[in-house]
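Subject: Structure for your review

Dear colleague,

Please find below the structure that I am handing over to you. My findings follow it.

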Amino acid sequence: MKSLCYVDVDNVLADFTSAAILGMGETPSLNFRVTRTKFYKDYGKTRQDFWDACESSEFWRDLKPYPWAHALVNMIDDITLGYWRFVTAPMKNPAQFQGKAQWILNHFESYFEKYIICGLDHEDERTKTLGKSVLCRSNFDYLIDDSRINVEEWRQAGGLAFHWEEITADYDEQEVRNRLEVIKFDLLEIKKADKFFMANR
Ligand SMILES: [Mg+2]
């Protein structure tokens, strides 16, 4: 079994939060680290305002890739030799799935086949959904995600993870470089463990 690297889309590669804030008629703050998932409350908005803002297919299609999105994906692809996937958990509206698929096609056409949709973002007592962690099959499967819950569940499932704390597109470039270096180091360590090359031994 080969290990895979999984990279979350929203708030790691695609700037979801800024688009949602704009969609609610507000101006996103610049140069900061997002510290709460219910950010709409910071703008005096309700959960319904937030849902309304990101309901359409076009909203998801038009999300801006972060400046580092291609560098991160290309680095992952180079090191893993293709053993990686986009992994994303849209909301409960098929139009959003369509917009998200279109986003991948628009920005990462050559990697479109690496697109995985999974369930809810975290364990739900009612549905018993485990979110992304159901994809974790080995101790060397590696998740990059802005959701602390996803990262915790992934680690509990036995895998390795990098918690990409959400930052705005104009955030300190050195911080971004540092994060890419840590991910590169981790992936090279996994590669050293020979998990990506089991078939070629
Ligand atoms: Mg995310």
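In what follows, axes are lines fitted to C-alpha atoms, for helices over the stretch in contact, and angles run from 0 to 180 degrees between N-to-C directions. The structure is a predicted model, in which local features need pLDDT of at least 70 and side-chain atom pairs count only at pLDDT 80 or more, while totals for chains, interfaces and linings use all residues. Residues are numbered from 1 along each chain as its sequence is written.

**Overall architecture**

The chain has seven helices and five strands (DSSP runs numbered from the N terminus, helices being H or I of at least four residues and strands E of at least two). Read from the N terminus, these elements follow the order β-α-α-α-α-β-α-β-β-α-β-α. Of the 201 residues, 33% count as buried (a residue is buried if 20 or more other C-beta atoms lie within 10 Å of its own, exposed if 12 or fewer, and partly exposed in between, with C-beta atoms placed from the backbone). Among contacts between residues at least 6 apart in sequence, 65% join residues at least 24 apart; two residues are in contact if their C-beta atoms, placed from the backbone, lie within 7 Å.

**The sheet**

The five strands form an open, parallel sheet in the order β3-β2-β1-β4-β5, where two strands pair if DSSP finds at least two bridges between them. β3 and β5 stand at the edges with a single partner strand each, so one side of each has no neighbour in the sheet. On average, neighbouring strands are turned by 25 degrees against each other, direction ignored.

β1 pairs with β2 over four bridges in the parallel sense, and Asp 8 has Val 87 of β2 as its bridge partner. With β4, β1 forms three bridges, again parallel; here Cys 5 is partnered by Tyr 142. Tyr 142 in turn stands opposite Leu 160 in β5, and β4 and β5 are joined by four bridges in parallel.

In a regular strand the side chains alternate between the two faces of the sheet. From β1, Cys 5 and Val 7 point one way, Tyr 6 and Asp 8 point the other way, and all are buried.

**The nonpolar core**

The largest nonpolar core holds 35 residues, of which Cys 5, Tyr 6, Val 7, Leu 13 and Tyr 142 touch the most other members. Such a core is a set of buried Ala, Val, Leu, Ile, Met, Phe, Trp, Tyr and Cys residues joined through C-beta atoms within 7 Å. Elements giving two or more residues to this core include β1 (5-8), β2 (84-88), α4 (69-80) and α7 (173-192). Beyond its neighbours within four places in sequence, Val 7 is in contact with Val 12, Leu 13, Val 73, Ile 76, Trp 84, Phe 86, Val 87 and Ile 144.

**Helix packing**

The axes of α4 and α7 come within 10 Å and cross at roughly 15 degrees. This makes α4 roughly parallel to α7 (angles under 35 degrees count as roughly parallel, over 145 as roughly antiparallel, 65 to 115 as roughly perpendicular and the rest as oblique). Residues making the contact include Leu 72, Met 75 and Ile 79 of α4 and Leu 180, Leu 187 and Leu 188 of α7.

**Phe 112**

Phe 112 is found in the loop between α5 and β3 (115-117). Phe 112 counts as partly exposed because it has 13 C-beta neighbours inside 10 Å. Not counting residues up to four places away in sequence, Phe 112 touches Ile 104 and Leu 105.

With kind regards
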